[in-house]
Amino acid sequence: MTGANSFQVSGYGPARAGWTRLLARDSLARRLDWPILFSALALSLIGSILVFSATRNRTEINQGDPYFFLIRHLMNTGIGFALMIGTVWVGHRTLRTAVPLLYGASVFLLLLVLTPLGSTVNGAHSWIVLGGGFSLQPSEFVKITIILGMAMLLAARVDAGDKPYPDHRTVLQALGLAAVPMLIVMLMPDLGSVMVMVIIVLGVLLASGASNRWVFGLLGAGTLGALAVWQLGVLDEYQIARFAAFANPSLDPAGVGYNTNQARIAIGSGGLTGAGLFHGSQTTGQFVPEQQTDFVFTVAGEELGFVGAGLIIVLLGVVLWRACRIARETTELYGTIVAAGIVAWFAFQSFENIGMTLGIMPVTGLPLPFVSYGGSSMFAVWVAVGLLQSIKVQRPMSA
Amino acid sequence: MTNIPETGRTPRVQIRLVVIQILVLSLLGTLGGRLWYLQIREGDAYAKEASGNHVQQVVEPAVRGSILDARGVALADNETRLVVSASRTDLLKMKDDGKAVLTKLAKVLGMSAKDVMLKVRLCDAKTPQPCWNGSPYQPIPITDEATPKQALQIRERAEDFPGISAEPQAVRRYAAPGKANTAQVLGYLSPVTDEEITKAQDTDSPYLRSDQVGRSGLERQYDKELRGKAGVTRYEVDNLGRVIGQAEADEAQPGANLVTSIDARVQRVAEYELNQAMKIARQQFDKITGENYKADSGAVVVMEAKTGRIVAMASAPTYDPNVWVGGISAKDYKKLTGKNSDYPLLNRAIQGQSAPGSTFKVVSTAAAVEAGYEWDGGYPCTSSYSVGGQVFKNFEGESFGPISLGRALEVSCDTVFYGLADREWKKDGGINPKKGEPKDYFYKAAHQFGLGKVTGLDLPNEVTGRVPDRQWKESYWKANKDAWCRTGKKDGTYVEKIAYENCLEGNKMREGDSINYSIGQGDTLVTPIQEARIYGALANGGTMYQPSIGKAIISADGKTVQEIKPKPTGRLPVSQATLKGMDAALEGVVTRGTAAWKFGGWPQDKIPLHAKTGTAEVYGKQTTSWLATYSKDYTVVMTIAQAGTGSGASGEAVRKIYNAMYGVSADGTINKKNALLPSPQTSLPKVQTDGTIKSPKISKDPAKDQRASQDATPQPDETQQGATVNTPTNGNRDTRRRRRRRGSRRMLT
């Protein structure tokens with residue numbers, strides 16, 4: 001071990017002014033993953049415009065202020081950005097030690113949702129209303145703690161050099177750790193989030209190098225579980241209806257099929273360049289429900305057209321591509337697992353969200369990362385960006 | 001650090017990470033592809049759907065124009081009624097599809113719940129009336145006769161009646177001024193069908209879902225003018241129907257008013273007298289069939305002789321056109337159109353056809369002159385005319401010796417016409433005409449008199465009648481010979497024998513055919529309106545006019561008046577000298593001929609009348625009576641099916657119509673005060689500055705008034721003895737009571 005200081009030039013050089021230090025080859029700023037940062041910021045700002053377009057006329061929810069949602073979205077972005085900086089500053093490895101605390105806190109918040117403190121929005125009982133127009137969706141943060149917790153457990157022995165792969169016992173422990181919050185979320189019921197968590201668990205297991213048996217076993221269990229959920233009637237009527245409407249959108253165009261139909265009409269009518277910002281008749285006419293949150297992509301589709309909507313997909317692609325690279329290039333398994341978990345999370349959530357507006361996925365209440373309006377989701381994804389940056393920044397350091 | 005590589009990852013992890021990366025990118029690729037499919041490939045279709053989504057049309061129906069009589073009295077107009085309607089979309093949102101609400105509504109309206117439900121169901125191929133054939137998104141009217149109390153009940157308890165509205169609306173009213181209902185001439189309206197909407201989509205007068213369309217009569221003929229143009233305002237709306245966008249509006253243009261040549265009072269008199277005549281005929285005994293006359297249908301046309309304008313047109317049996325307003329009930333519909341109905345929707349003045357009987361002799365007379373026969377030549381009027389083995393008898397075996405054509409027309413001598421027609425038939429080469437065109441004077445004349453084709457009157461679905469010339473015989477034979485040859489038997493029953501003959505030579509003009517034809521019997525068919533045109537032309541000196549009812553179309557604001565001018569369509573093929581002779585002969589019919597017994601005491605020197613009676617045989621039925629008359633200005637033609645002779649059945653009624661128009665009392669005195677229309681109405685009703693049309697008051701029942709005034713004691717100042725005194729004692733000469741003979745063929749009507 002040559003020691004951590006062997007790569008640091010600054011130790012021997014003259015003290016430099018603040019901005020030059022930032023530009024130095026080895027500076028934190030130089031080592032940040034700028035494409036991810038840029039893309040995430042761009043997505044958030046595009047999101048703010050789309051949210052504004054979708055809500056400026058919705059007087060029944062914007063409390064008479066057309067900028068109500070715009071300002072809040074920008075505020076959320078700012079807070080998210082700050083959380084990211086904080087996360088980078090603390091570092092993902094420091095957070096590793098705080099996992100028990102974070103995990104405990106997030107599970108506690110989840111449980112709080114099940115108490116009378118929790119409230120129901122759109123059929124999902126997954127919110128804690130804080131008052132003053134703010135509310136918290138703990139399931140968003142649980143996604144992070146599941147990733148961190150599982151990564152901590154799975155990578156511990158491997159990073160220590162004891163084992164090439166996590167053993168069955170560790171995998172079992174990690175699964176148990178993920179299962180607790182997932183069960184709680186399922187009770188809410190917030191099936192969309194559960195699905196995301198399943199995918200996260202899958203991604204984490206894959207990246208950890210756990211035996212194929214676990215991966216395929218989990219896939220099989222997931223399928224069986226879905227079947228069981230369907231057969232045992234755990235699903236609410238509205239959820240079954242959503243799936244039925246997905247299978248056949250013309251089933252009930254005024255009812256459950258309405259969302260998907262209107263969403264598709266909005267996107268389809270956008271054409272190549274769209275109707276122009278604030279000129280979409282579907283958006284202005286509020287034909288698409290939940291357009292500032294789950295169906296925000298339809299605003300882009302209608303008003304910005306193929307060009308604008310494609311740009312969102314490309315930006316998400318940049319984030320995911322860079323995140324994959326970070327996962328592949330970081331030196332320790334812990335970082336790899338965390339990055340892979342985030343990739344699985346972002347990828348599935350983006351695919352599900354955009355897919356449902358395009359009519360190729362069933363409707364679930366999942367936000368589009370960065371773009372959809374919603375504080376908890378925005379904070380969570382920015383924290384995730386912070387984790388990615390932290391992993392990237394510390395890449396050259398030896399474990 | 002043994003076997004763990006520097007990167008901290010085993011190859012297995014590395015491979016899996018690559019797999020994840022590929023998977024993620026392919027997911028994004030899928031999204032991109034789907035996005036391209038929706039926006040670029042299918043973009044246009046979705047754009048269309050989106051625009052349909054957010055544009056709402058609000059239709060303000062145009063007020064339909066009125067149909068007025070010649071003096072401006074409304075025959076059809078609009079009135080404000082309280083219309084209770086149900087929104088189907090709202091009802092379907094309820095758990096029981098609105099059954100509870102409709103049942104409650106039925107109770108308030110005093111209707112049966114079943115009737116209400118039937119009214120709101122949608123029409124399709126399998127659903128009979130009543131049903132709604134308008135748009136399912138449009139309120140469906142349940143009744144337009146709600147009382148203010150019922151409307152209030154519904155409005156005040158709106159929460160009990162979701163989806164039900166009660167609002168005043170303009171609905172069609174057939175006012176029947178002075179009890180003149182004019183049903184068949186006016187026609188009726190019913191909601192536009194999907195088919196018509198698609199058909200009229202790209203024309204200059206497209207239909208709206210809410211439109212009512214004229215289905216018959218003037219309502220149909222002048223539908224485009226009367227309908228106006230509905231106002232359409234297009235709003236951009238949001239998902240809750242709130243208006244968000246700029247409105248684009250086409251204002252409603254109310255329909256134009258149609259002024260007709262009908263005079264409501266004369267119309268009423270005509271309707272009343274026709275009905276009376278039929279009632280009286282039903283009390284008469286028919287010696288041939290051994291039972292009372294059935295007099296099951298009839299028609300009368302009163303036409304201005306010098307313009308072809310219709311002053312009155314009545315058809316019996318009739319109905320109340322108001323049954324169509326607000327949707328017709330199943331029971332009423334069946335009554336009007338069912339198999340057991342007497343088809344009151346038919347306008348028998350233009351859609352009823354039968355053989356003309358002796359009224360046809362004016363055509364034969366003209367044909368004879370055309371063929372070169374001297375007017376004053378002595379033509380033998382014998383009691384019978386024999387051809388081969390057949391004997392064609394004159395009416396009741398009368399004989400007048402050699403007489404002129406005019407006299408033959410006056411006394412309606414059949415044998416004269418038999419002889420002339422037979423001679424022409426032989427000249428043309430008999431049953432197998434020589435090469436080259438046979439002259440066919442008698443048939444040509446019929447065509448020149450406008451028979452065998454529509455008169456072009458401005459009413460829909462006029463029938464053509466028929467001239468049984470060679471051409472028709474040929475085509476008729478071709479169409480029927482298979483059946484004839486199958487059923488015909490040489491020694492069978494009468495019908496079978498006829499079929500046998502027809503099979504052999506039905507395509508040939510036989511001697512008997514031509515002989516029968518010359519006196520208006522056999523296969524000839526005419527409509528009352530065709531007769532009116534012929535006799536109108538005789539009255540005006542030979543010009544045939546296209547009959548018309550519409551006189552002017554006046555825009556709703558009264559600013560544009562589009563007059564409909566009388567249209568001469570040709571001249572009778574008759575010289576002025578012949579015309580004079582015929583005129584005198586037909587006057588003789590009134591003064592001393594077959595109609596004289598009904599026109600005794602008529603002031604003939606003041607108001608010369610001309611007439612021809614006719615009695616047409618109909619196989620298997622009682623005879624059809626015809627009476628065609630004209631004065632200087634008017635033609636009145638009346639026909640009643642299964643009612644005996646022309647003068648017997650209609651003489652009195654036609655006289656009473658003339659009485660009413662000229663103000664003639666029963667004893668022949670003229671009282672100008674009572675005259676409804678001594679000369680035709682030439683001016684149009686006055687249009688006031690606000691566009692409304694001035695209309696005179698009309699008494700409750702002009703027909704009853706007329707009867708009363710005609711029968712009242714004569715006023716001393718106007719006392720005038722009628723010029724005609726001759727009152728024949730014997731009946732109508734025109735009734736032929738021949739036994740069925742070989743060669744006399746009759747239309748089975």
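Which residues does B:Asp440 touch, not counting residues up to four places away in sequence? In this predicted model, the residues touched by B:Asp440 are B:Asp428 and B:Asp469, once positions up to four places away in sequence are set aside. B:Asp440 is located in the loop between α16 (414–427) and α17 (441–448) of chain B. The C-alpha atom of B:Asp440 is separated by 7.5 Å from that of B:Trp425, although the two residues are 15 residues apart along the chain. B:Asp440 has 21 C-beta neighbours inside 10 Å and therefore counts as buried, the threshold being 20 or more.

Chain B, to which this loop belongs, has 749 residues, of which 47% are buried. Its secondary structure consists of 24 helices and 25 strands. When contacts in chain B between residues at least 6 apart in sequence are considered, 73% of them join residues at least 24 apart. Chain A contains 399 residues, and 52% of these count as buried. In chain A there are 16 helices and three strands. For chain A, 69% of the contacts between residues at least 6 apart in sequence link residues at least 24 apart.

The two chains meet through 48 residues of chain A and 39 residues of chain B. On the chain A side, the elements that give two or more residues are α9 (191–208), α12 (257–270), α13 (281–284), α14 (296–329) and α15 (333–358). The largest share of this side, 12 residues, is supplied by α14(A). By class, the side of chain A that touches chain B is made up of 25 nonpolar, 19 polar and four charged residues.

In soluble globular proteins, nonpolar side chains tend to be buried together. The largest nonpolar core in the model has 137 residues, and those touching the most other members are B:Val266, B:Val300, B:Val301, B:Val302, B:Ala408 and B:Ile657. Helix α11 (residues 264–281) of chain B gives nine residues to this core, the largest share. The contacts of B:Val300, leaving aside neighbours within four places in sequence, are B:Ala270, B:Leu274, B:Ala314, B:Val636, B:Val637 and B:Met638. A second, separate core has 119 residues, including A:Ile36, A:Val51, A:Val113 and A:Val383.

Of the 18 residues of α11(B), 14 are buried, and the helix is mostly covered. From its first C-alpha to its last, α11(B) reaches 25 Å, close to the 26 Å expected at 1.5 Å a residue.

Two packed helices are described by the angle between their axes and the distance between the axes. For α11(B) and helix α24 (residues 702–711) of chain B, the angle is about 75° and the axes are 8 Å apart. An angle of 65 to 115 degrees counts as roughly perpendicular, and the two helices α11(B) and α24(B) are therefore roughly perpendicular to each other. On the α11(B) side the contact involves B:Arg265, B:Arg268, B:Val269 and B:Tyr272, which meet B:Pro702, B:Ala703 and B:Gln706 of α24(B). By class, the residues of this contact between α11(B) and α24(B) comprise four nonpolar, one polar and two charged.

Notes. Residues are numbered from 1 along each chain as its sequence is written. Chains are lettered from A and ligands numbered from 1 in the order in which they are written. This is a predicted model: local features need pLDDT of at least 70, side-chain atom pairs count only at pLDDT 80 or more; totals for chains, interfaces and linings use all residues. Two residues are in contact if their C-beta atoms, placed from the backbone, lie within 7 Å. Helices (H or I, at least four residues) and strands (E, at least two) are DSSP runs, numbered from the N terminus. Ala, Val, Leu, Ile, Met, Phe, Trp, Tyr, Cys and Pro count as nonpolar, Asp, Glu, Lys and Arg as charged, and the others, Gly among them, as polar. A nonpolar core is a set of buried Ala, Val, Leu, Ile, Met, Phe, Trp, Tyr and Cys residues joined through C-beta atoms within 7 Å. A residue is buried if 20 or more other C-beta atoms lie within 10 Å of its own, exposed if 12 or fewer, and partly exposed in between; C-beta atoms are placed from the backbone. Axes are lines fitted to C-alpha atoms, for helices over the stretch in contact, and angles run from 0 to 180 degrees between N-to-C directions. Angles under 35 degrees count as roughly parallel, over 145 as roughly antiparallel, 65 to 115 as roughly perpendicular and the rest as oblique. The expected span of a helix is 1.5 Å times one less than its number of residues.
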